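Subject: A structure for you to explore

Hi there,

Here is the structure I promised to pass on to you. Have a look at it first, and then read on for what turned up in it.

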Amino acid sequence: MTDSPASLQLIKDLVSFDTTSRNSNLKLIEFIKGYLEAYGLRSELVFDATGKKANLFATIGAPDRGGVALSGHTDVVPVDGQDWNTDPYEINELDSRLYGRGTSDMKSFIAVCLAKVPEIIDMNLNTPVHLAFSYDEEIGCVGVRTLLTKLASRDNKPTACVIGEPTSMQVVRAHKGKISRRCSIHGLESHSGLAHIGVNAVEAAAEIIAFLKSEARKFRDEGPFDEEFSPSYTTVHTGLVKGGTALNIVPKFCEFEAEIRHLPGDDPQLVWDRLQAFIDAEILPEMQAVFPQASIDWHEISTIPGLASSDDGLIRLTQEIASTSKTACVSFGTEGGLFEEIGIPAVVCGPGSIEQAHKPNEFIEIDQVRQCERFIDKLISRLD
Ligand SMILES: [Zn+2]
């Protein structure tokens, strides 16, 4: 087909690997490693503790200096329970769209980067281009952290990073951070007619959840506000509660999960600190007066730092390359804040729409793939 984008075959190849986060991503990583080897490039793999997943880092050009990193995650969300019209791991082309799991989020970006490798090599750039492909992004930006720990102290730590999450090729300079925690409350069972000798874990949970709700209202009513976000303030939310066995039993156990999605400038720890002070002053003493072993424990589920891109020059450059005068803020998290934490300025710009991500019949407009190819062409033409 004459009008197929150059990266089409690589998109097909990458989508064919079922890299759902619970699976190993090594077959896909080996595929990319082999592809890069064919161009004489060495890949560094940074494995997880099980050895079944890996990040891949490769440098095109001088190995001793910073440069631009093109970054993406190799894992995808599950298709379980989703009603797909086609095989999610096989690209189906229809109406100028490519259907398949990961087409938008975010294997097409990785495919475009790989397709451009021979051209980048031929340009013999002074500024290296790095490829940074991670695992387990979808379960809390878990994988990239080990790679970034290694990069942090190196001579070739990238000086800028473009993260190709699906933004419809808009330049995204900021997103909220997220911190989520599970709370386990251990009380004491008793007959509900003798509630005074039991310690009701569900009621303790309710009071803690109500406190979190009061924090949510405070953010909503008093800010701080950043109108570029929707909603324009930090949110606090409880999404799951489990507890109790029967109405006539004082419940001895309750568990709930809550999250804070905060503006990049807000410190979510302050919320947890206020909550802990409330628990220590109001909740635990009353519980432990009846049952000294009563406890309230927190388990961190995930923490994704917010992104506030620190390099105006990088933002302007990305805008020029993407031919847009605007920047955007988005409501989903990326690995960008983690790059920023080790001093690598990051911006998010990639093909496809987040609206198609994570859904059955995920697709990418072929035009988005072409736009991304042009974006990478222009980006490398700006490097010396
Ligand atoms: Zn993604």
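**A sheet of four strands**

Let's begin with an open sheet built from four strands, which lie in the order β11-β13-β9-β14 and pair in the antiparallel sense. Its edges are formed by β11 and β14 (residues 295-304), each of which pairs on one side only. From one strand to the next, the twist averages 15°. Before you go further, please keep in mind that this is a predicted model.

Within this sheet, eight bridges link β11 with strand β13 (residues 253-262), and the two are antiparallel.

**The chain as a whole**

Now zoom out. The chain has 10 helices and 18 strands, and its C-alpha atoms fill a box of roughly 80 × 40 × 40 Å along the principal axes. Of its 384 residues, 53% count as buried. If you take the contacts with a separation of 6 or more, 80% of them are between residues 24 or more positions apart.

In soluble globular proteins, nonpolar side chains tend to be buried together. Here, the largest nonpolar core has 53 residues, and those with the most contacts inside it include Ile32, Leu36, Leu56 and Phe133. Helix α3 (residues 103-115) gives the largest share of this core, with eight residues. There is also a second, separate core of 29 residues, and Phe211, Phe256, Trp272 and Leu284 are among them.

Which residues does Leu56 touch, leaving aside its neighbours within four places in sequence? Among them are Ile29, Ile32 and Leu36, and also Leu131, Ala132 and Phe133.

**Helix α2 and its buried face**

Ile29, Ile32 and Leu36 bring us to helix α2, where they are buried along with Leu28 and Tyr35. This helix runs over residues 26-37, and its 12 residues reach 16 Å from the first C-alpha to the last, close to the 16 Å expected at 1.5 Å a residue. An α-helix has 3.6 residues a turn, so residues three or four places apart point the same way. What do the buried residues of α2 pack against? Their partners are α1 (8-15), β1 (43-47), β2 (54-60), α3, α4 (117-123) and β6 (129-134).

Another open sheet has three strands in the order β4-β5-β18, with antiparallel pairing. β4 (92-94) and β18 (363-365) are at the edges with a single partner strand each, so one side of each has no neighbour in the sheet. The twist in this sheet averages 25° from one strand to the next. Three bridges join β4 to β5 (residues 97-99), and Glu93 stands opposite Leu98 in β5.

Helix α10 (residues 366-381) lies across β4, β5 and β18, and runs at about 65° to β18. The end C-alpha atoms of α10 are 23 Å apart, which agrees with the 22 Å that its 16 residues should span at 1.5 Å a residue. Its buried residues include Ile366, Val369, Cys372, Phe375, Ile376 and Leu379.

Most residues other than glycine have a negative phi, and most peptide bonds are trans. You can look for exceptions to both. The peptide bond from Gly223 to Pro224 is cis, with omega near 5°, and Ser230 and Pro231 are also joined by a cis bond, with omega about -5°. Pro224 sits in the loop between α6 (201-222) and β11 (235-243), and Pro231 is in the loop between α6 and β11 too.

Asn124, in the loop between α4 and β6, has a positive phi of about 50° although it is not a glycine. Met169 is not a glycine either, and its phi is positive at about 60°; this residue lies in the loop between β7 (160-163) and β8 (172-175). Are these two buried or exposed? Asn124 counts as exposed, because its relative accessibility is 68%, while Met169 is buried, with a relative accessible area of 5%.

Enjoy exploring!

Best wishes

Key:
Residues are numbered from 1 along each chain as its sequence is written. This is a predicted model: local features need pLDDT of at least 70, side-chain atom pairs count only at pLDDT 80 or more; totals for chains, interfaces and linings use all residues. Side-chain values use heavy atoms; hydrogens and water are left out. A nonpolar core is a set of buried Ala, Val, Leu, Ile, Met, Phe, Trp, Tyr and Cys residues joined through side-chain atoms within 4.5 Å. Buried means under 20% relative accessible area, exposed over 50%, partly exposed in between (1.4 Å probe, protein chains only). Contact means heavy atoms within 4.5 Å. Two strands pair if DSSP finds at least two bridges between them. Axes are lines fitted to C-alpha atoms, for helices over the stretch in contact, and angles run from 0 to 180 degrees between N-to-C directions. The expected span of a helix is 1.5 Å times one less than its number of residues.
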